[in-house]
Amino acid sequence: MAKFKEAMKKILGRDPAADNRQAASADPDQLGHAEKMKIIDELASGLAHEVKNPLAIILQGVDFLASRVKNEDPNVAVTIEYIQDAIKRVDKLIGEFLDFSSISGLNIELTDLNEVINNSLLLIHNQLEANKIEVVKNYRSDVLEIRMDKNRITQVLVNLMLNAVQAMPQGGKLTLRSYIDRSLETNNGQGAIAVAEVEDSGIGIPEEDLPKVFDFFYTSRRSKGNIGLGLSTAKNIMDMHGGSINLQNRKDNNGIKAIIRLKA
Amino acid sequence: MAKRTILIIDDEVSFAEMVKLNLEDTEDYEVRSEYKGIEGLAAVKEFKPDLVLLDIMLPDKDGFAILEELKKDPQTKPIPVIMLTALKSDPVKFKAAMLYADDFIVKPVTVRNLVEKIEEVLDNRIVEKLKKDSRGIIEH
């Protein structure tokens with residue numbers, strides 16, 4: 001029990017007993033949804049860390065033993081396989097739990113999409129100046145109240161903008177657009193989509209590589225030796241919002257257009 | 001062919017030692033292990049390995065701070081760094097990518113997958129070096 005408490009302390013970075021005392025004296029209904037989700041997220045990632053480390057040792061150990069044990073008894077090989085499978089199952093379970101807590105952890109609020117685009121631009125202003133990138137803004141004013149986690153969407157946009165900058169090492173033009181796509185809107189106002197586009201004038205991506213760009217650490221010639229900046233992260237965030245992300249070569253073959261879509 | 005040199009920095013001593021054992025067992029690598037961030041950072045500068053396997057949650061100096069320092073120092077910048085951690089979340093991976101980690105592996109990992117990833121990163125570095133050396137001569 002002492003070990004568990006210590007682990008919880010390590011996970012939370014504070015004494016859980018103190019939290020319990022505070023919680024007991026407080027009205028549980030007063031705990032906000034976001035706060036509850038934050039605690040679940042902290043617990044999940046902390047617990048996962050504490051479980052994954054010993055799992056990693058076991059897997060490395062079993063791999064080592066498997067390479068050394070040459071036994072004529074076929075049950076030895078089967079037993080090792082069972083252990084390896086069991087490790088994978090536990091790991092998968094933890095992964096699913098983490099994914100769940102992460103999705104639950106979105107902090108959704110009504111947000112001005114144009115403001116989020118501008119804030120993202122501010123975060124990369126050094127890179128824009130250093131690479132002599134001209135920024136062209138083409139924003140519509142009807143994207144004011146979009147439901148999103150603004151920090152996560154900023155992460156997506158920064159990601160896309162940095163990739164665009166990397167694709168223009170000799171300078172170029174970064175075009176940012178926002179608008180509402182009403183092509184699927186129904187009579188009762190449902191189905192409208194808020195769209196943000198990040199377009200560069202750099203090197204495109206070979207068509208055959210486009211399906212791979214959402215893999216973590218995908219590297220292309222666009223990035224000139226640097227690693228891909230987490231397009232997979234961007235995709236996960238958009239999925240969590242029930243939105244989408246899409247990358248396509250421009251029709252004139254002068255760069256890439258990245259498009260993110262959110263329910264308006 | 002000369003053995004590739006690898007430095008693993010991980011405070012889970014038994015994990016670091018198991019990885020060392022398994023990689024050296026392939027007879028392709030010479031591995032050194034460090035269990036603390038500050039000592040690990042000093043070891044990279046002294047040992048100049050071909051590749052670093054770096055944990056994130058370390059007791060004295062976290063893996064991100066080490067990564068940042070390595071990528072800022074011209075002497076250590078070219079050394080590829082693979083983050084090897086139990087932390088699995090998109091923001092963590094995103095941060096590693098922003099700090100120019102060369103790759104990211106989530107524990108637990110099989111020896112086979114670890115070796116594949118190490119070779120992939122080392123091969124990429126060789127290709128990049130060749131490209132850099134031949135810049136202006138060969139068009140890519």
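**Stop one: parallel strands in chain B**

Select β3(B) and strand β4 (residues 81-85) of chain B: the two pair in the parallel sense over 3 bridges. Strands here are DSSP runs of E with at least two residues, helices are runs of H or I with at least four, and both are numbered from the N terminus; two strands pair if DSSP finds at least two bridges between them. This is a predicted model, where local features need pLDDT of at least 70 and side-chain atom pairs count only at pLDDT 80 or more, while totals for chains, interfaces and linings use all residues. Residues are numbered from 1 along each chain as its sequence is written, and chains are lettered from A and ligands numbered from 1 in the order in which they are written.

Click on Leu53(B), and you'll find that its bridge partner in β4(B) is Ile82(B). Ile6(B) is the residue opposite Leu51(B) in β3(B).

Show the side chains of β3 (residues 51-54) of chain B. Leu51(B) and Leu53(B) point one way, Val52(B) and Leu54(B) the other, and all are buried. Buried means that 20 or more other C-beta atoms lie within 10 Å of the residue's own (exposed is 12 or fewer, partly exposed is in between), with C-beta atoms placed from the backbone. Bring in helix α3 (residues 63-72) of chain B too: β3(B), α3(B) and β4(B) make a right-handed β-α-β unit. Right-handed means that, with the strands pointing away from you, the path from the first strand over the helix to the second runs clockwise.

**Stop two: Met18(B)**

Next, go to Met18(B) in helix α1 (residues 13-25) of chain B. Is Met18(B) buried or exposed? It counts as buried, because it has 22 C-beta neighbours inside 10 Å. Leaving aside neighbours within four places in sequence, Met18(B) is in contact with Ile57(A), Gln60(A), Gly61(A) and Phe64(A). Contact means that the two C-beta atoms, placed from the backbone, lie within 7 Å.

**Stop three: the sheet in chain A**

Over to chain A, which has 8 helices and 7 strands. Colour its open sheet of 5 strands, in the order β2-β4-β5-β7-β6 with mixed pairing. β2 (133-139) and β6 (244-249) of chain A stand at the edges with a single partner strand each, so one side of each is left without a neighbour in the sheet. Zoom in on β2(A) and strand β4 (residues 172-181) of chain A, which run parallel and are joined by 7 bridges. Lys137(A) sits opposite Leu176(A) in β4(A).

Select helix α5 (residues 113-123) and helix α7 (residues 150-166) of chain A, which pack at an angle of about 55 degrees with their axes 9 Å apart. Axes are lines fitted to C-alpha atoms, for helices over the stretch in contact, and angles run from 0 to 180 degrees between N-to-C directions. Among the residues that meet are Val116(A) and Ile117(A) in α5(A), and Ile153(A) and Leu157(A) in α7(A). α5(A) lies across β2, β4 and β5 of chain A, while α7(A) lies across β2, β4, β5 and β7 of chain A.

**Last stop: a covered helix**

Finish at helix α8 (residues 231-240) of chain A, where 8 of the 10 residues are buried.
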